[in-house]
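This report goes through the fold of one protein, with attention to its sheets, its helices and a few individual residues. Please keep the sequence and the 3D view at hand while reading.

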Amino acid sequence: MARNKEALLLLIDVSPPMHRLLPEVEKLCSMLIQKKLIFSKSDEVGIVLFGTEETDNELTAEVGGYEHVMVFWHVKVVDSDLFRALHKLPRGNTVGDFVDALVVGLDMLLKKFGPTNKGKQRLCLITSAQHPTKEPYEGTKEDQIDTISAQMKAHGMRLDCIVVRGKLTGPVDEKITDENDRLLNRFPKKTNAKVVHIESPVSLCGALRTRNVSPVTIFRGDLELTPLMKIKVWVYKKTSLEKLPTLKKYSEEAPPSDKYATHEIKVDYEYKNLEDSSKVVSPEQRIKGYRYGPQVVPISSAEWEAVKFKPEKSVKLLGFTNASNIMRHHYMKDVNVMIPEPGNVKAIVAVSAVARAMKDLNKVALLRCVWRQGQANVSIGVLTPNISTMPNVPDSFYLNILPFAEDVREFQFPSFSNFPSSLQPNKEQQAAVDNLVTLLDLAPPGKEEALQPDLTPNPVLERFYEFLELKSKQPDAEVPPLDRTLKQITEPDPELFSQGKSVLDEFCNQFVLKENPKIKKSNRRLWREKSSTSKEKGDLQKDGPEIESKDITKSSLTKNVDKIGDVTPVKDFEAMMARRDSQIWVSKAIKGMKIFIYDLLENSYKGDTYDQAVECLTALRRGCILEQEPEEFNQFMQYIYKKCKENDLNDFWKLLTIKQITLISKKEAEDSTVEEDEAKSFLVKTEAGD
C-alpha cells in the first residue's frame, strides 16, 4: 500500500432490526464515498453485509461456519459505481453475527495486502448488536475477541464500531445487548478501536470519519515548571477547522485532443515603473513599504529580520490561578492536548501528579509557549487538567490559547440591574423564560444530547459535497433541496415545538410587542427652537432628570455620529454612546459632552444656556450609569462645583439642586465609590458652601 493510502472495509448489519435505519446508513456511506472521491482518489473501499439470507465469502468455502455473511463489494479503489451501488443495499431476513463479520473482514484485508504490508487499514462495523453471537469452537467469546484484537494490532488495523439502537422497534433482549456491549467494549482495551453508541440519524451521519488523519506533534520538549524542574511532554492539536476544498480556475484553451492537459491557469505579475510604464522593475529593485500615517516607510528584508522577535523554543509555567478567573469565551484558535512523553514513566507520573493536584484545588496553569525555534510570536496558554478514566490512558492537559490585551474585544453592554424596576421582568415573565430555556435544552436529563459536537456533521460541507457529486454527473443540474437529515441540524425541530406549544404561547403572552407612541409621534423641539417663556421653563423642570430612555433607542441611531454637535447635542451623545463598531466611542462621547457642557457654562450670558447645560448633564449622567462609567461623571460634578464656586454660578447650581442631579451612587452603578447617603447629601453640602 502507498504511504498515505487507506483501505476501508465497511461491515454493515442488514438484519431486520436495522431495516428502519438502513436509509440513513446508505446516506452515511454515500457521503463517505463522496469525500473520498474528492480528497483520496487512491483509497480503497470494500463492503461486507451480514444478516443476509445469502452466504458469499471465501472463508466459508475454505473452513465453513461463517454463514449469512456476504461480500457485497470487494476492496478496490473508490469509483462512481460504488456510489451508485450504495443507494439500495439489500435487506436481510435473518440474525446478524458481528463477530463472524469481523473475522471475514479481517481475513479479506490480510489476503488483499498480505501479512507484512502494514499500511493504513480500517474496519468499520455498523450494527444494532441485538442478536446473540455464536459460541466459539474453542475457548470463550472473550478469548475470541482477544484473538481478533491481537491480529488487528499486529497488522496495524483500526476498528470503528457504531452501535445504532435509537429508533429500533420490536422486542429487545437486554441480556443479549448487554453481553454484546461488553464484547464490543473489550476491543478498545486490546487494540486501536473506538465504540460509539448512536440514537439519532444526525449523530449517525457524523459518526464515521472520511479519513483518520495521523496526529502530528506541534511541540516536543520540556514543560518547564522551574529552571530545575522539567517534564518531557508532547503537544498535539485536539481540534482543527475543516474548510471547503480549494476551487481552482479551469482553462478550456487546451486542445481537446490532448489527454494529458492539466487545464491549469498560471498567473504571473509584473511590476512597472510609474514614470515609465514600459520599464519592468526587477525583484532586486523592489522593497516592501509600510504605511505610517500619510507616508510609506520602506523597510528592507535585512532590516525586517533584524527587528523580528526571535524567542527560543520553550514552554514555561508562569503560575497557577483559579479556574473561575479564566473565561471560556476568551479561548482562541484550536484546542491542543498536552500529554506526557510516551513510554517515559517519570513524565507520566509527574503529569498525573500535577493534573490531579490542579483538579483537586480547581486550578489552571498559565504558560508561555514558543512551539518552534525562531518562531516570530509568543503565545500565552491556559492548561486545564484532563483526568483519564481508562486504566491504559495517562492523565493529560487541554491547552487553550488566551488573548493579549490587543486581542480582547470588550462589548460594553449595560447591566439589566441598572434599569428601573418598571423595566425588570416580573415573576411570570421570568418563569416563562425559564420554561422556554428548559424546553430548548439540547441535553435534557435522561436523554442523549442532541447535536453532539463529535457526531454532528457540518451541513455546509455536506451540502457542498452532495452538489459536487451531482454536478460531476449532470453539469447543468440545479442546486437540490436541503436534505432531510441536514434540515434537522439547521432548522428548528417541528416535533419539539409542537410538543412545547403551551410553553411558547405563554412566552409570547408574557412578552407582547407594543408600539411606542412617544417615539413615533414625538413633538419635542430642539433647544435652539425653544423660547424662554416661563411656561416652557416649567416644562423643562418637569422633564428634568427623568427624560425618557427613548433617546437611547434605534430612533437615534439612524446614522453614525462621530462628534457632539450644537444643534442636537443630546441625540449626538446618545448615538455615539450606542455605537459598537469601536471601543473609542464611549470615552469620546463622554469627553465631548463634558467639553460641550463646559462651553455652555463658559459662554453663558445671564444664564441663557443653563437649561441646555442641565439637559446635557442629565444625558451624561444617564449614559455614565448605563455604560458603567460612574467615576467619569462624579469627577466632572466635583469639577463643576469647583467652577461654580470660583465663577459665582450659584443660579446654575440651584437649578441642579431643583433637578436633583447629584453624584452616581453604588446603588445605581456597582463601580461607583460613592455611597447612597453621600450622593444625596452632595447637593445639600455644596449648597451650604462645603
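## Basis and overview

Helices (H or I, at least four residues) and strands (E, at least two) are taken here as DSSP runs, numbered from the N terminus. The model is a predicted one, in which local features need pLDDT of at least 70 and side-chain atom pairs count only at pLDDT 80 or more, while totals for chains, interfaces and linings use all residues. Residues are numbered from 1 along each chain as its sequence is written, and side-chain values use heavy atoms, with hydrogens and water left out.

In these terms the secondary structure of the protein comes to 23 helices and 15 strands. Of its 690 residues, 39% are buried, where buried means under 20% relative accessible area and exposed means over 50%, with partly exposed in between (1.4 Å probe, protein chains only). Among the contacts (heavy atoms within 4.5 Å) with a separation of 6 or more, 70% are between residues 24 or more positions apart.

## The open sheet

Six strands make up an open sheet of mixed pairing, in the order S3-S2-S1-S4-S5-S6; two strands are said to pair if DSSP finds at least two bridges between them. Strand S3 (69-77) and strand S6 (193-198) each have a single partner strand and stand at the edges, so one side of each lacks a neighbour in the sheet. Neighbouring strands are turned by 10 degrees against each other on average, direction ignored. The angles rest on axes fitted as lines to C-alpha atoms, for helices over the stretch in contact, and run from 0 to 180 degrees between N-to-C directions.

Strand S2 (residues 44-50) and S3 run antiparallel and are joined by six bridges, and Val 48 of S2 stands opposite Val 71 in S3. With 0% relative accessibility, Val 48 counts as buried. Residues up to four places away in sequence apart, Val 48 touches Leu 9, Leu 10, Leu 11, Ile 12, Val 69, Met 70, Val 71, Phe 72 and Met 108. The C-alpha atom of Val 48 is separated by 7.3 Å from that of Ala 101, which is 53 residues apart from Val 48 along the chain. Elsewhere on the sheet, helix H6 (residues 174-184) lies across strand S4 (120-127), strand S5 (157-164) and S6, and runs at about 155 degrees to S5.

## The closed barrel

Seven strands form a closed barrel with mixed pairing, running S7-S8-S12-S15-S14-S13-S11, and from one strand to the next the twist averages 35 degrees. Strand S7 (residues 217-226) runs parallel to S11 and is joined to S11 by two bridges, with Glu 224 opposite Lys 316 in S11.

Strand S12 (residues 332-340) pairs in the antiparallel sense with strand S8 (residues 229-237) over five bridges, and Tyr 236 stands opposite Val 337 in S12. S12 also pairs in the antiparallel sense with strand S15 (residues 396-402), over four bridges, where Leu 399 is the bridge partner of Asn 336.

## Helix H10 and its surroundings

Helix H10 (residues 345-361) has 17 residues and reaches 24 Å from its first C-alpha to its last, close to the 24 Å expected, the expected span being 1.5 Å times one less than the number of residues. Ala 347, Val 351, Ser 352, Ala 355 and Met 358 are buried in H10. Seen down the axis of H10, these buried residues fall within an arc of 135 degrees, so they line one face of the helix; the arc is that of the directions from the helix axis to the C-beta atoms.

The cover over the buried residues of H10 includes S8, strand S11 (314-322), S12, strand S13 (363-370), strand S14 (379-386) and S15. On the other side of H10, Val 345, Lys 346, Val 349, Asp 360 and Leu 361 are exposed. Following H10 comes Asn 362, whose phi is positive, near 55 degrees.

Ser 149 is found in helix H5 (residues 141-154) and, at 1% relative accessibility, counts as buried. Leaving aside neighbours within four places in sequence, Ser 149 is in contact with Phe 187, Lys 190 and Thr 191.
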